[in-house]
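This report covers charged side-chain pairs and the ligand site. The chain and its model come next.

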Amino acid sequence: MDRGTMHNNDLSLENFDIDILDNGRTIKDVIDNKIKELGSVDNEEPFYVADLDSMYKRHVRWLTNLPRVKPFYAVKCNNTAVVLKMMRALDTGFDCASKAEIQMALSLGATPDKIIYAHTTKPMSHIKYACAHGVDVMTFDSEDELLKMSLCHPKAKLLIRIAVDDSKSLIKLNSKFGARLASVGKLLERAGELGSEIIGLSFHVGSGCTAGSVFKQAIADARHVFDMANLLGFQMRLLDIGGGFSAIGDFTGKFEEFSVMINEALDELFPPDCGVQIIAEPGRYYVESAFTLAANVIAKRVNWDDMDKDSDREESPDRMMMYYLNDGVYGSMSCAINDPVHSNLEPYLHRVVDSSERSYRSAIWGPTCDSCDKVTDNYWISELHVGDWLLVDNMGAYSISLYTDFNGFERAHIYTVVIAETWHALNLSQTFGMRK
Ligand SMILES: Cc1ncc(COP(=O)(O)O)c(C=O)c1O
């Protein structure tokens, strides 16, 4: 084992800033205090507040609505120690895409049967790592991947990933992953020749799915492939219905709507007594609403370019304000340019604004020297000043895990909050190794 790498991914060594909310204190109080505290030591670095209750509530909602579907949290979506430890406390499985993600899950004490290596294009050394650590369940969608796995992990238990209708999802995955139904028969036969063990099937309808009907069709496609594989002598016993769920903004309520359709399709085509275990790989759903970002206005400029030379520029409501934050698309907010499910970021001012204050058209930029680093424009907000704090809600998914240190700006620190009831109910002092 590469001990150096293992150390980086050993989450058991992490320290946590956890605030147990007592005496009626709220997340807002924590943010107010943190901003005061930072101000008193001249620190304006961006930070997150992570709310463990939000993840817990999403989990309870999952269990209530999809009782037959065991969640394997998609580590890629937010790979921070606090999230992964919380998932461990909630006893989800882990969907890992690489050796490093498998290392993280193992370091938290997840047993190999709680890990699925759900990437169809894997480096050989990562497959060997999975093999050496007993992580057996993995996905494939091509003959070349089958060959690699038969060489590097001959005992692997394989899920064939099929391409399903992703036309109703904001982020489509079919162009890169998934065997077409027409080629599945040949792949299964090839697996038989290689002596590979195929135990099930996976699909992903795409991230930010807008219509539950695609899950229905995908489950029907899966039934068809299960029947083909069973006829060829494989013992199919695991169905993985992937991710794609969200419950914020336009997606509010969609989770319940999709669940009804998924449950109906499962009960019809994979009834409870059919011997098939059902799992899923939710990412966004679990963490999206759990993180609030606080970023500081580090610079400001008025853009006069579009304005009439004769107008009173200082007073004109048409002037374009430009603000520069210390976090941007190369830090926590790449979703502004690459995540259509959450591209419409709406930062709001932390301090209270008098309702009589005028709003100005504003552009909000990140801190780097790149003009792609724009969080939002044509945004109307009252005049900001250097040193003001802006807050952005729902920043848990595909945010901090896509952070870069471009231009030397540091990753936002995470402060975690939880209500005392949840802390005790889930015995989180043990999970987080703290005596509170
Ligand atoms: C293989 C796989 N599983 C799970 C996920 C998580 O999807 P989501 O965040 O939409 O739930 C993804 C996201 O791209 C993925 O590629």
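## Salt bridges

The structure contains 21 salt bridges (a side-chain nitrogen of Lys or Arg within 4 Å of a carboxyl oxygen of Asp or Glu). One joins the side chains of aspartate 91 and lysine 114, at 2.8 Å from N to O. This pair links distant parts of the chain, 23 residues apart. Aspartate 91 lies in the loop between helix H4 (81–89) and strand E4 (93–96). Lysine 114 lies in the loop between helix H5 (99–107) and strand E5 (115–117). Helices (H or I, at least four residues) and strands (E, at least two) are DSSP runs, numbered from the N terminus.

## Basis of the model

This is a predicted model: local features need pLDDT of at least 70, side-chain atom pairs count only at pLDDT 80 or more, and totals for chains, interfaces and linings use all residues. Residues are numbered from 1 along each chain as its sequence is written, and side-chain values use heavy atoms, with hydrogens and water left out.

## Ligand shell

The ligand is surrounded by 14 residues (a heavy atom within 4 Å of it). The closest are Ser207, Glu281, Gly283, Arg284 and Tyr398. By class, the shell has five charged, five polar and four nonpolar residues. Here Asp, Glu, Lys and Arg count as charged; Ala, Val, Leu, Ile, Met, Phe, Trp, Tyr, Cys and Pro as nonpolar; and the others, Gly among them, as polar.

## Polar contacts and cover

Polar contacts are pairs of N or O atoms within 3.5 Å. A polar side-chain atom of serine 207 is 2.5 Å from a ligand oxygen atom. A backbone N or O atom of glycine 283 is 2.9 Å from an oxygen atom of the ligand. For a polar backbone atom of glycine 244, the distance to a ligand oxygen atom is 3.1 Å. On its own, the ligand has 390 Å² of accessible area, and the protein covers 92% of that (Shrake-Rupley method, 1.4 Å probe).

Conventions. Polar contact = N/O pair within 3.5 Å; in protein donor to acceptor, adjacent residues only side chain to side chain.
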